[in-house]
Every structure is written in structure tokens, then in C-alpha cells.
Amino acid sequence: MELPKFLLGDNTDYPTAIFVVHTEYPRFIINLENDEVEWLEEFSQEDEKELETEAADLIEKAAAFYDREVSRYEE
């Protein structure tokens with residue numbers, strides 16, 4: 001099965017949260033309500049240095065994905 005790069009997540013236990021799941025490496029879940037990120041990978045110290053530069057871009061793309069999806073819903 002081919003998964004999209006980003007998925008929206010919802011949970012009634014967190015009614016104000018806006019979860020976006022990134023399904024490709026490095027996998028993570030971000031709550032756009034507070035920008036909290038949960039990484040679904042384990043990283044070496046070397047990986048963490050590379051991830052620092054990539055993380056900001058991925059988080060920006062996750063927010064853009066959410067904005068795009070919401071705008072499509074509103075149409």
C-alpha cells in the first residue's frame with residue numbers, strides 16, 4: 001500500500017489538537033496547536049545534527065499541508 005506523505009489525525013481526547021502525521025523518514029507526528037513533535041524514529045547523534053536542518057523544513061511542509069487540506073474542505 002502506498003501512503004501519502006502527510007496524514008491528518010484526530011482524537012476526541014484532544015479536541016483542540018491538530019495532528020499531522022509525516023509517514024516518510026524521518027516519521028513524526030506534530031500537533032500544530034502547540035508545535036509539539038513526537039518523533040517515531042530513533043536517531044544517532046550524527047543523525048540528530050542532520051535532522052536539525054531538515055526538521056524545520058518538514059514542519060513547515062506539515063503546516064502547509066494542513067492549510068491546503070483545510071482550504072479544500074472549505075470550498
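**Surface, strands and charges**

Author: Begin with the surface of this predicted model. The accessible surface of the chain comes to about 5,900 Å². Carbon and sulfur atoms account for part of that area, and their share is 47%.

Reader: What percentage of the residues in the chain is buried?

Author: A residue is called buried if its relative accessible area is under 20%. The chain has 75 residues, and the buried share of them is 23%.

Reader: In which sense do S1 and S2 pair?

Author: Strand S1 covers residues 6–9 and strand S2 covers residues 19–22. Four bridges link S1 and S2, and the sense of the pairing is antiparallel.

Reader: Which residue in S3 is the bridge partner of Phe19?

Author: Phe19 lies in S2, where Phe19 is the bridge partner of Gly9. S2 is also joined by four bridges to S3, residues 28–31, and these two strands run antiparallel. S2 and S3 form a hairpin with five residues between them. On the S3 side, the bridge partner of Phe19 is Asn31.

Reader: How far apart do the centres of the positive and negative side chains lie?

Author: Lys and Arg count as positive, Asp and Glu as negative. The chain has 22 negative and 6 positive side chains. The distance between the centres of the two sets is 7 Å.

How values were computed:
Residues numbered from 1 in each chain as written. Predicted model: local features only at pLDDT ≥ 70, side-chain atom pairs only at ≥ 80, totals over all residues. Heavy atoms only, no water. Pairing = 2+ DSSP bridges. Buried < 20%, exposed > 50% of the residue type's maximum accessible area, 1.4 Å probe, protein only. Areas by Shrake-Rupley, 256 points an atom, 1.4 Å probe, with all protein chains shown as cover. Charge placed at Lys NZ, Arg CZ, Asp CG, Glu CD.
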